[in-house]
Amino acid sequence: MTTQHSSLTHPKITVVGGGSWATANIKILSDNTTEKEIFWWMRNAQAVEHIHKFRHNPHYLSSVEISVPAQNISTDLASLIREADYVLLNVPAAFLKEALTGITAADLDGKKIISAIKGIVPDENLIIGEFMHQHYNIPFDHFLVISGPCHAEEVALEKLSYLTIASSDTELAAEFAGMFNTRYIKTVISDDIYGTEYGAVLKNIYAIAGGICHGVGYGDNFQAVLISNAIRELERFVDAVHPIDRDIKESAYLGDLMVTAYSQFSRNRTFGNMIGKGYTVTSAQLEMNMIAEGYYAVNCLHQVNKQYNVFMPICDAVYAILYEKRSPSMEMKHLAEHLT
């Protein structure tokens, strides 16, 4: 494939989003030694002002020192996109349309779009690559996906982590990976944008399921069975949506599922645990003060799967609990009858 991206000697990257994973991505890009210029869009003007003065994000990963020049951090997304060769999307999927308000396909023409979002756009029921293709005319070979297993909190601590960079243009994926490798980040290249995107969506749903079963009193033995069934459920779904030769045991699929289902840093597991203990969705969201992507994703997946009719008992159970207000303990007991 002939591409123009390899000619960029001083690429400009705009990161869109102000949360913990966006802050982690800023740190990774800054710590990488490839010559580049980084721009950062945040919605919160007070947070931008705080970073200008104190070089730390006041709300997320506040231990991370921000080295991006103050003039490159702004609430004016259109101006930062004009500067960019790469636009790295890093807002919750539920807020992507709002974040891109006023941005047109012409604004993004010719730019490479990277998704670090682990969710589906609500109402559209589209993964990010499909959404950007349909609404902004982004060619799929100009689109990349960043997937885990990788928690932002461990990036802040510089714990060794692995990220998968996926694109249908693997040369582009390799080039961007070169801007993401650091002493504590290793990158893996993939051509599976559908599998990595849907895998990142599904693992959040399965982490909620794991949290619910813990909240209602199941132990580690049941959790292990749940997650071993979850990876098979994930494989069934991505094979139905995009049937290519993939190894579901790779870190972008199984690894990302495991860390999200088991880690103390997993907000989806935490959210599920609270639901299992009797919190309402609203009260759990208010107490966490963070977005659990799996809450929105399970409703979207429920709608998408009407097209494919894949057997997905774990997703169905989480949907029933969160959207049909079924009893968590009764749904987990019912789910247990379908696990092997």
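Is Asn229 buried or exposed? Asn229 is buried, because its relative accessible area is 9%, and buried here means under 20% relative accessible area, exposed over 50% and partly exposed in between (1.4 Å probe, protein chains only).

## Ground rules

This is a predicted model, so local features need pLDDT of at least 70 and side-chain atom pairs count only at pLDDT 80 or more, while totals for chains, interfaces and linings use all residues. Residues are numbered from 1 along each chain as its sequence is written, and side-chain values use heavy atoms, with hydrogens and water left out.

Helices (H or I, at least four residues) and strands (E, at least two) are DSSP runs, numbered from the N terminus.

## Around Asn229

Back to Asn229, then: it sits in helix H10 (residues 220–241). Leaving aside neighbours within four places in sequence, Asn229 is in contact (heavy atoms within 4.5 Å) with Ile314, His338, Leu339 and Thr340.

## The sheet

Let's turn to the strands. There are 8 of them in an open sheet, ordered S3-S2-S1-S4-S5-S8-S9-S10, and the pairing is mixed. Strands S3 (73–74) and S10 (185–190) are the edges, each pairing on one side only. Pairing here takes at least two DSSP bridges between two strands. Strands of a sheet pair through backbone hydrogen bonds, either parallel or antiparallel.

Take S5 (residues 112–115) as an example: Lys112 and Ile114 point one way, Ile113 and Ser115 point the other way, and all are buried. S5 pairs with strand S4 (residues 86–89) in the parallel sense over 4 bridges. In that pairing, Leu88 stands opposite Ile114, and Leu89 has Ser115 as its bridge partner. S5 also pairs with strand S8 (residues 143–147), again in the parallel sense, over 3 bridges. There, Ile114 has Leu144 as its bridge partner.

Helix H1 (residues 20–31) lies across strand S1 (12–16), strand S2 (37–41), S4, S8, strand S9 (161–166) and S10. H1 runs at about 170° to S2; axes are lines fitted to C-alpha atoms, for helices over the stretch in contact, and angles run from 0 to 180 degrees between N-to-C directions.

In helix H6 (residues 128–136), the buried residues are Ile128, Gly129, Glu130, Phe131, Met132 and Tyr136. Just after H6 comes Asn137, with a positive phi of about 60°.

## Nonpolar cores

A nonpolar core is a set of buried Ala, Val, Leu, Ile, Met, Phe, Trp, Tyr and Cys residues joined through side-chain atoms within 4.5 Å. The largest one has 79 residues, and the members touching the most others are Leu89, Met132, Phe237, Phe271 and Leu322. Helix H9 (residues 193–215) gives the most to this core, with 11 residues. There's also a second, separate core of 39 residues, which includes Met42, Tyr86, Cys150 and Met179. In soluble globular proteins, nonpolar side chains tend to be buried together.

Not counting residues up to four places away in sequence, Phe271 touches Ile208, Val281, Ala284, Gln285, Met288, Ala292, Tyr295 and Leu322. Met274 is in helix H12 (residues 267–276) and is buried at 9% relative accessibility. With neighbours within four places left aside, Met274 is in contact with Tyr279, Ala284, Glu287 and Met288. Met274 and His242 are 32 residues apart in sequence and 34 Å apart in space, C-alpha to C-alpha.

## Aromatic rings

Rings of Phe, Tyr and Trp (its six-membered ring) pair if their centres lie within 6.5 Å, with planes under 30 degrees apart called stacked, over 60 edge-to-face and the rest tilted. The whole structure has 11 aromatic pairs. Tyr295 and Tyr296 are edge-to-face, because their ring centres are 5.2 Å apart and their planes are at 70°. Tyr295 is buried at 15% relative accessible area, whereas Tyr296 is partly exposed at 23%.

Tyr295 also pairs with Tyr323: the centres are 5.0 Å apart and the planes at 10°, so this pair is stacked. It links distant parts of the chain, with Tyr295 in helix H14 (residues 293–308) and Tyr323 in helix H15 (residues 313–323), 28 residues apart. Tyr323 is partly exposed, with 26% relative accessibility. Ring pairs join Phe271, Tyr295, Tyr296, Tyr319 and Tyr323 into a cluster.
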